[in-house]
Amino acid sequence: MKRLLISLAAVAAVAVPVGAIAAPGLAQASSMMKAKPNIVKLAASDPQLSTLVSLIKKAHLVGALSRKTKLTVFAPTNAAFKLVPKATLAKLGKDKALLVKVLEYHVVPGLFPAAKVEMLHSAKTLEGQLVHFKVKGGHVFVNNAEVIKANVMASNGIVHIINRVLIPA
């Protein structure tokens with residue numbers, strides 16, 4: 001009888017701390033997943049994406065890129081926008097439909113982490129046309145833009161930061 005009581009006490013002593021540690025760990029992991037910003041908030045928190053964010057606002061796409069729908073965004077940096085000819089930028093600034101078309105060409109429905117992108121030849125964008133992928137010298141390219149930072153996770157998708165603006169045909 002003494003052995004049974006000692007065994008039960010030992011099991012209880014071990015079980016309580018393990019349970020107490022496991023429960024907060026699960027709760028913490030869950031809150032960390034919820035704490036990720038959506039695509040727009042993620043981009044807004046990165047100073048090198050401020051031009052992209054201002055164009056998203058101008059095109060009234062904040063709501064579309066903030067929903068729970070899973071998206072993959074190829075996000076051009078401010079430096080990438082500086083490479084676009086001034087006449088093209090001026091045209092985008094005056095033509096909201098064209099601006100939306102260009103921005104939607106940077107978005108692929110679904111989740112495409114870098115490992116998946118590397119395995120694909122192309123993907124259809126929200127704009128409707130395909131973007132093409134290739135791996136060259138250990139670097140991943142979407143059309144002629146190099147992915148300079150991959151797999152930036154948002155609550156509603158993945159952002160890959162690129163060094164050029166993608167212009168649909």
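In this predicted model, helix 6 (residues 86–94) packs against helix 7 (residues 96–104) at an angle of about 110°, and the two axes lie 5 Å apart. An angle of 65 to 115 degrees counts as roughly perpendicular, so helix 6 and helix 7 are roughly perpendicular to each other. On the helix 6 side, the contact is made by K91, L92 and K94, which meet K96, L98, L99 and V102 of helix 7. By residue type, this contact between helix 6 and helix 7 comprises 4 nonpolar and 3 charged residues, with no polar ones.

The surroundings of the two partners can be read from their accessibility. K101 is partly exposed, at a relative accessible area of 30%, whereas E127, at 18%, is buried.

Turning to the aromatic residues, the structure holds 1 aromatic pair. Here F74 and F133 come together in a tilted arrangement, with 5.8 Å centre to centre and 40° between the planes. This pair, too, links distant parts of the chain: F74 lies in strand 1 (residues 71–76) and F133 in strand 4, 59 residues apart. Buried means under 20% relative accessible area, and so F74 is buried, with a value of 2%. F133 is likewise buried, with a relative accessible area of 8%.

Note on methods. Residues numbered from 1 in each chain as written. Predicted model: local features only at pLDDT ≥ 70, side-chain atom pairs only at ≥ 80, totals over all residues. Heavy atoms only, no water. Axes fitted to C-alpha atoms, helices over the stretch in contact; angles between N-to-C directions. Helix = DSSP H or I, 4+ residues; strand = E, 2+ residues; numbered from the N terminus. Parallel < 35°, antiparallel > 145°, perpendicular 65-115°, else oblique. Contact = heavy atoms within 4.5 Å. Nonpolar A, V, L, I, M, F, W, Y, C, P; charged D, E, K, R; others polar. Buried < 20%, exposed > 50% of the residue type's maximum accessible area, 1.4 Å probe, protein only. Phe/Tyr/Trp six-rings, centres within 6.5 Å; stacked < 30°, edge-to-face > 60°.
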